[in-house]
Amino acid sequence: MGRKPLVVGNWKMNRTVSEGVALARELRPKVAELEAVDIAICPSFTALDAVGRALEGSNIALGAQDAFWEGQGAFTGEVSAAQLKDVGCRYVILGHSERRRQLGETDEEVHRKLKAVLACGLTPILCVGESLEEREANETVAVVSEQTEHSIGNLTAETAGRLVVAYEPVWAIGTGRNATPEQVQEVHALLREHLGKLLGSQPASAMRLLYGGSVNAANAKGLMSQPEVDGALVGGASLLAEEFAAIVRAKA
């Protein structure tokens, strides 16, 4: 169906500005020849401008880890989609499991952020996924479907055309437990089917679905060889240039 793979590095709350610039410069030559896959890295807000400058002229796009739903105003500590676009961002991660679980972010809030990001012409990466308790209670399909539906809300198929969805099972992030390629393929297939019901079969078929559950150089090839897995949202492994480059090459 011609979906171009996408591999995104989420640096989370790691690396100072100087460290981030050094990492970006180290990564550039390791992936410079790869044209068959889109690549993005998402530093902390404080490093966005400097890392963006370090990426100029490369095939690596800049992304952010969150955005607020208002364009401007008295919202201390928040960053708007317009500000992210101004600093050179193309992607924005929304609804990450850490924000949902640790900061109490709701589907409604994610939806408002999603609309703001799309309105600014940026590409949102919507994160959905179940906890270990929900997985063991056989609630994976219900949880992922509900998060997806409520976060997308009433977006039209045309508006949601730029949307990327990342399935990140909470139980497989930093726990030592890994989802098998077959488990990931199963959820991605069900997720695409649900997106088809929400947005129509054509937009759902064209949408890129990423996997984000402790992806590393050792398991990337098996995970991303699945037909419904269009790339990866990479956490800790994206902080190591050679490791992240190996993951990108696994889908290139």
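Mentor: We begin with a polar contact, that is, a pair of N or O atoms within 3.5 Å; within protein, one must be able to donate a hydrogen and the other to accept it, and residues adjacent in sequence count only if both atoms are side-chain atoms. Here a polar atom of the Gln65 side chain lies 3.2 Å from the backbone oxygen of Pro43. The backbone oxygen of Cys42 is 3.0 Å from a polar atom of that Gln65 side chain. Please note that this is a predicted model, in which local features need pLDDT of at least 70 and side-chain atom pairs count only at pLDDT 80 or more, while totals for chains, interfaces and linings use all residues. Residues are numbered from 1 along each chain as its sequence is written, and side-chain values use heavy atoms, with hydrogens and water left out.

Trainee: Where is Gln65 found, and which residues does Gln65 touch?

Mentor: Helices (H or I, at least four residues) and strands (E, at least two) are DSSP runs, numbered from the N terminus. Gln65 is found in the loop between β3 (60–64) and α3 (81–86). Contact means heavy atoms within 4.5 Å. Not counting residues up to four places away in sequence, Gln65 touches Asn10, Trp11, Lys12, Met13, Cys42, Pro43, Ser44, Ile93 and Arg99.

Trainee: Asn10 takes us to strand β1. Why is β1 described as largely enclosed?

Mentor: A residue is buried under 20% relative accessible area, exposed over 50%, and partly exposed in between (1.4 Å probe, protein chains only). Five of the five residues of β1 (residues 6–10) are buried, so the rest of the structure largely encloses this strand. Leu6, Val8 and Asn10 point one way, Val7 and Gly9 the other, and all are buried.

Trainee: Which strands are joined to β1?

Mentor: Two strands pair if DSSP finds at least two bridges between them. β1 and β2 (residues 38–42) run parallel and are joined by five bridges; in β2, Ala40 is the bridge partner of Val8. β1 also runs parallel to β8 (residues 231–234), with four bridges, and there Val8 stands opposite Leu233.

Trainee: What unit do β1, α1 and β2 make?

Mentor: A crossover is right-handed if, with the strands pointing away from the viewer, the path from the first strand over the helix to the second runs clockwise. β1, helix α1 (residues 17–31) and β2 make a right-handed β-α-β unit. Val17 lies in α1 and, at 33% relative accessibility, counts as partly exposed. Neighbours within four places aside, Val17 is in contact with Thr46, Ala47 and Ala50.

Trainee: How does one check the length of a helix, and what does α5 show?

Mentor: The expected span is 1.5 Å times one less than the number of residues. For the 13 residues of α5 (residues 107–119) that gives 18 Å, and the end C-alpha atoms are 18 Å apart, which agrees. The buried residues of α5 pack against α3, β4 (89–94), α4 (97–102), β5 (123–128) and α7 (140–152). From α7, Ser151 is in contact with Asp107, Val110, His111 and Leu114, among others; Ser151 counts as buried at 0% relative accessibility. Just after α5, Gly121 takes a positive phi of about 85°.

Trainee: How far does α8 reach, and is His188 buried or exposed?

Mentor: α8 has 19 residues and reaches 26 Å from its first C-alpha to its last, close to the 27 Å expected. His188 is found in α8 (residues 181–199) and is buried, with a relative accessible area of 0%. A polar atom of the His188 side chain is 3.0 Å from the backbone oxygen of Glu228. His188 also touches, among others, Tyr167, Leu209 and Tyr211. Just after α8, Gly200 takes a positive phi of about 105°.

Trainee: Which residues have the most contacts inside the largest nonpolar core?

Mentor: A nonpolar core is a set of buried Ala, Val, Leu, Ile, Met, Phe, Trp, Tyr and Cys residues joined through side-chain atoms within 4.5 Å. The largest has 69 residues, and those with the most contacts inside it are Ile41, Leu84, Leu195 and Tyr211. Helix α11 (residues 241–251) gives the most to this core, with six residues. Apart from this core lies another, of 13 residues, including Ala40, Ala61, Tyr91 and Leu210.
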